[in-house]
Amino acid sequence: MNTAHSNISLPATLDNMAAAVAFAESRAGEAGVVAAKLPGLCLAVEEAFINICTHGFPDGQGRVELGWFTGSGSFVLEIADSGPEFDLLSVPEPDLSTEIEDREIGGLGVHFIRKFTDQADWRRENGKNILRLTVHLGQRRSHPQTAQSHD
Amino acid sequence: MDIQINKVEQTFIVSASGKIDAMTSPSYEASIAGQIEAGSLSLVLDLGGVDYISSAGLRVILAAAKSLKNRGGSLLLANARGPVKEVFDISGFGSVFKIFDSVDAAVSTASR
C-alpha cells in the first residue's frame, strides 16, 4: 500500500534546483534509503529539474512539484511540471565510446537519471509531465559499509 | 564551491571543492577558461575536494578538453573519488580522460 506524503511546489528556475534536491535527499533519507544511494538520487533530481527549467519553461514562468511515497520496499519520488508534453526518457542513450573531439554532452543527464535510480517512468496526466523515480530501500552495496542511521 | 589555482612549472592546477552543479558550474567554467585564454596549454583539474558533480560540470570539463586539444594543449584530471568517480565511470568520461591518483602524478605526466 502506498502512502502519499507532503509535496512541495517550486518555481521552475535554476536557483530553486538546490531546494528540490534537498527535499528529495532529506525525504529519501528519512524513508530509509541508504546513504550510499543518496548522491545518485540527488544527481537524478538535479538533471530532471534542470531539464524542466531549460526546456519546459525557458521563460522561467512555471512550477515544479515534487511529491513522494514509499511502498513495496521502495522510495518513490514524483516530479511534475505543466510544461509542454515531453517524455524525457525518450531521449536516446548517449554514445559513450567516442573520443573527446566527437563527444557530445547531450543525453548525459537522462543517462544519469536511468543509471542512478532503480527505475524511472514517465507519464502525461492531467496536462502534466510526471517523472517517477524509484529507489529501493535498504539495498546495500555488496561490500560492507557503515551506513548511517536515520533515527 | 571554492576554487584555488596553483602553478607547478608550466602546468596550472585548478582545485575545486564542494559541488559542481548547474548553479556553480559557470564559475568553474570561468576559472578554467581564464587559464586557457591566458595561454596555459597544460591544465590539471584537481577534483579531490569535489563531493558532487552533475552533467553541467562534465560539460565544462569536456569543453575545456576540446578547447585545449584544439590549441595543442592537454587537460588531465586528478583525485576523482567516491560519487564523483562513479559519475565519471557511468558517463564514460573515465575512459575518455586520464584520471590520476594524485596531482603530482598528473603534473609529472603533463610536464613530460
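Q: What radius of gyration does chain B have, next to the compact-globule value for 112 residues?
A: This is a predicted model, where local features need pLDDT of at least 70, side-chain atom pairs count only at pLDDT 80 or more, and totals for chains, interfaces and linings use all residues. Residues are numbered from 1 along each chain as its sequence is written. The globule rule is 2.2 Å times the number of residues to the power 0.38, with the radius taken over C-alpha atoms. A compact globule of 112 residues would come out near 13 Å, and chain B agrees with that at 12 Å.

Q: What share of the residues in chain B is buried?
A: Buried means under 20% relative accessible area, with a 1.4 Å probe and protein chains only. Of the 112 residues in chain B, the buried share is 51%.

Q: Which residues in helix 3 of chain B meet helix 3 of chain A?
A: Contact means heavy atoms within 4.5 Å. From helix 3 of chain A come Leu108(A), His111(A), Phe112(A) and Lys115(A), and their partners in helix 3 of chain B are Val87(B), Ile90(B) and Ser91(B).

Q: How many helices and strands are there in chain B?
A: Helices (H or I, at least four residues) and strands (E, at least two) are DSSP runs, numbered from the N terminus. Along the sequence, chain B reads β-β-α-β-α-β-α-α-β-α. That pattern goes with 5 helices and 5 strands.

How values were computed: Chains lettered and ligands numbered in written order. Heavy atoms only, no water. Buried < 20%, exposed > 50% of the residue type's maximum accessible area, 1.4 Å probe, protein only.
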